[in-house]
Amino acid sequence: MLLILVLNHFLWANQTALEGRWQQPCQNQVIREEHFDQGDVMLSEFYYLDSQCTRPLMTIRNEGGFSLTETTIDFTFGGITLAAEDDAIVADFNSRAVCGYTDWELHEEKEITGLSCALVTGGRPIKVSDAGQKRFGIFKIEGDLLYFGRLEKDYDALSPETRPISFDPRFYKKLN
């Protein structure tokens, strides 16, 4: 019984430590932000036209849930949306019927969960995750920095058996 109480306290402490907003600095024209709130999570990916992340291009939001152990974090996809944040990308998306839509408007989020989308001109369509799909990860918190597992060929987080085994050096910094 004492072991169960200790484990429950540790899991509660981990979940409490994760609560709030975490942001990854601008890297490769992308800023990522994770917002954890009592078992719910929202990942926002802000894509930019420039390397200083000042000219917005598009935003992808993943909403879902998560569960923890001492060192693992499992995500479950809920809904995924895409918004065009630049007039030129709106025109491009409409001309190519990105994700099957031809009515893109500036800053308007469209549901893309489970769709095939060619986000990049000339690129092949990629399958967007379905609602209910899971990803299996690892995490650690060091002070006000959050690290997740590094995705690799044999450790792609698509199953518990292919859960990452090392940490991605790209950290998130706690915002609040």
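Arg61 is partly exposed at 23% relative accessibility, where partly exposed denotes the range between buried (under 20% relative accessible area) and exposed (over 50%), computed with a 1.4 Å probe and protein chains only. The structure is a predicted model, in which local features need pLDDT of at least 70 and side-chain atom pairs count only at pLDDT 80 or more, while totals for chains, interfaces and linings use all residues. Residues are numbered from 1 along each chain as its sequence is written, and side-chain values use heavy atoms, with hydrogens and water left out.

The side chain of Arg61 forms a salt bridge with that of Glu109, with an N to O distance of 2.7 Å; a salt bridge is defined as a side-chain nitrogen of Lys or Arg within 4 Å of a carboxyl oxygen of Asp or Glu. This pair links distant parts of the chain, as Arg61 belongs to strand E4 and Glu109 to strand E6 (residues 109-111), 48 residues apart. Helices (H or I, at least four residues) and strands (E, at least two) are DSSP runs numbered from the N terminus. Glu109 is partly exposed, its relative accessible area being 41%.

In the whole structure, 11 salt bridges are found. Another of them joins Glu45 and Arg32, whose closest N and O atoms are 3.0 Å apart. This pair also links distant parts of the chain, with Glu45 in strand E3 (residues 40-48) and Arg32 in strand E2 (residues 30-37), 13 residues apart. Glu45 counts as buried, at 12% relative accessibility. A salt bridge is also formed by the side chains of Lys127 and Asp130, at 2.8 Å from N to O. Asp130 has 34% relative accessibility and counts as partly exposed. In general, side chains of opposite charge can pair when their charged atoms come close.

The protein chain carries 17 positive and 27 negative side chains, and the centres of the two sets are 5 Å apart. In this count Lys and Arg are positive and Asp and Glu negative, with His and the chain ends not counted; each charge is placed at NZ of Lys, CZ of Arg, CG of Asp or CD of Glu. Asp37, Asp40, Glu63 and Glu111 form a negative surface patch. Patches are made of residues with over 30% relative accessible area and no salt bridge, like charges being joined within 9 Å and nonpolar side chains (Val, Leu, Ile, Met, Phe, Trp, Tyr) within 5 Å.

Not counting residues up to four places away in sequence, Pro56 touches Tyr47, Tyr48, Leu49, Glu85 and Asp86, a contact being heavy atoms within 4.5 Å. The C-alpha atoms of Pro56 and Glu34 are 18 Å apart in space, the two residues being 22 residues apart in sequence.

Asn28, in the loop between strand E1 (20-27) and E2, has a phi near 50 degrees, a positive value in a residue other than glycine. Asn28 is exposed, at 70% relative accessibility. Gln29 lies in the loop between E1 and E2 and has a positive phi of about 65 degrees, although Gln29 is not a glycine. The relative accessible area of Gln29 is 32%, and the residue is partly exposed.

Tyr155 is found in the loop between strand E10 (145-148) and strand E11 (172-174) and is partly exposed, with a relative accessible area of 28%. With neighbours within four places in sequence left aside, Tyr155 is in contact with Arg150, Thr162, Arg163, Pro164 and Ile165. Tyr155 and Lys134 are 21 residues apart in sequence, and their C-alpha atoms are 14 Å apart in space.

For the protein chain as a whole, the secondary structure comes to 2 helices and 11 strands, in the order α-β-β-β-β-β-α-β-β-β-β-β-β from the N terminus on. The C-alpha atoms fill a box of roughly 60 × 30 × 30 Å along the principal axes. Of the 176 residues, 39% are buried. Among contacts between residues at least 6 apart in sequence, 46% join residues at least 24 apart. The chain exposes about 10,000 Å², of which carbon and sulfur atoms supply 56%; accessible areas come from the Shrake-Rupley method with a 1.4 Å probe, and for residues only the protein chains shown count as cover.
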